[in-house]
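Please read them beside the model.

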Amino acid sequence: MTGYILRRLLQAVPVLVITTTIVFLLLRLIPGDPALVLAGADATPAQVQAIRVDLGLDRSLPEQYGIYIKHLAQGDLGRSYISRRSVGSLIKRTAPATMQLALVAFLLSLALGVPFGIAAGLRPNSPWDLLLSGFTALMQGVPNFLLGIIYLLVFALTLGWLPPGGRVDPLSNPLDGLKYLILPAITLGLPAAAVQARFVKTALAEVMTQDYVRTARSKGLKSSTVVLRHAMRNALLPLVTIAGIQFGRLLGGTVIVEQIFGWPGMGRQAVDAINRRDYLLFQAIVLLLVLGAVVVNLLTDLSYGVLDPRISRR
C-alpha cells in the first residue's frame with residue numbers, strides 16, 4: 001500500500017509541472033502589466049520600468065520561469081506583486097473559507113443525493129424516480145451562477161431570510177456563520193447532489209437484479225438488510241468515483257460562487273489576482289487547487305479497497 005501511494009504521488013509531479021507551466025505562460029499572454037497596476041495611472045515610464053526591474057519582470061520568460069520553479073522547489077511560493085506580502089500568508093487567510101464552503105457543499109450533496117438516489121433506485125418509475133429526473137434536469141440545465149443569483153434574489157433580497165453575502169467565522173459565532181454559509185453551500189451542493197443521486201439510482205437499480213441479491217432475498221432476509229449489507233456495498237463504488245470528481249469540481253466551482261456571495265475565499269482571491277495581474281498569487285492558488293484534486297483522487301482510489309476487498313493496491 002505504501003509503495004502504491006508513493007507511485008501515485010510521483011505520478012502527480014508531472015501533472016503539477018505541466019499545470020504550472022501552462023498557467024505561467026497563459027498569464028503572460030493576458031494584456032496588462034503588474035508594474036502599471038502597482039505604479040498607478042500617473043506614473044512615469046521610468047517609474048514603471050523601475051518597478052518592473054524590482055519585480056523581475058524585465059527578465060526573459062525562461063529566466064522568470066526558472067526562478068519561479070527554483071523557489072517553488074524550495075517551498076517558496078513567492079511574494080505578491082501588489083501587496084509585496086508572502087503568497088503563502090495571503091492564501092492562509094482565504095483557504096479555510098474555501099475549504100469550509102467546499103466541504104459543507106460536498107456533505108450536503110451526499111446527504112441529499114444518496115437517500116434520493118436510493119429511493120428512486122428501489123422504486124423505478126415511481127414518483128421519487130420522476131421527481132429525481134426533473135430535479136437532475138433542472139440542476140444540470142441551469143448554470144451555477146444563475147442558481148446563485150436566483151437564490152440571492154429570492155431568499156436574501158426579497159424574503160430577507162438570509163444575508164446576501166459575506167462570511168462570519170463559525171468558530172466565533174456558529175449561528176451567524178451558518179446563516180452566511182447556507183446560500184453559497186446550496187448553490188454548489190444541489191447540482192452535485194443531482195449528479196450523485198442519478199449515479200446511485202442507476203447503480204442500485206442494476207445491482208438489485210444481480211443473482212446474489214435474489215439469493216439474499218430468498219433466504220428471508222429483511223429488505224433493509226438486503227439493500228444495506230449486500231446491494232449498497234457494490235452500488236457505492238460508482239458513487240465513490242463520482243464523489244471524488246465532484247469534490248474537485250466543487251473546489252473549482254467556488255470561484256464563481258464566492259464572487260456572487262462575496263465569500264472571502266481563494267476563488268474570489270484568484271479573480272482579484274487576475275484583475276490586478278498578481279501572477280505569483282494566481283499561480284499558487286491554481287497549484288494548490290490542482291494538488292487538492294490529486295489528493296482527493298488518491299483517497300478515492302484507496303477507498304475502493306475498503307468497499308471491495310477484491311480490489312488490491314500493490
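1. Helix α7 covers residues 144–158, 15 residues in total. From first C-alpha to last, α7 reaches 20 Å, close to the 21 Å expected at 1.5 Å a residue (1.5 Å times one less than the number of residues). Helices here are DSSP runs of H or I with at least four residues, numbered from the N terminus.

2. This is a predicted model: local features need pLDDT of at least 70, side-chain atom pairs need pLDDT 80 or more, and totals for chains, interfaces and linings use all residues. Numbering starts from 1 along each chain as its sequence is written, and side-chain values use heavy atoms, without hydrogens or water.

3. α7 has a kink of about 30°, centred on L152 (the angle between axes fitted to the seven residues ending there and the seven starting there). L152 is also among the buried residues of α7, with L147, G148, Y151 and A156 (buried: under 20% relative accessible area, 1.4 Å probe, protein chains only). G160 follows α7 with a positive phi, near 70°.

4. Where does T98 sit? T98 is in helix α5, residues 87–122. T98 is buried, at 0% relative accessible area. Its side chain makes a polar contact of 2.8 Å with the side chain of E258 (N or O atoms within 3.5 Å, one able to donate a hydrogen and the other to accept it; residues adjacent in sequence count only if both atoms are side-chain atoms). A polar side-chain atom of T98 also lies 2.6 Å from the backbone nitrogen of M266.

Technical notes
Helices (H or I, at least four residues) and strands (E, at least two) are DSSP runs, numbered from the N terminus. Buried means under 20% relative accessible area, exposed over 50%, partly exposed in between (1.4 Å probe, protein chains only).
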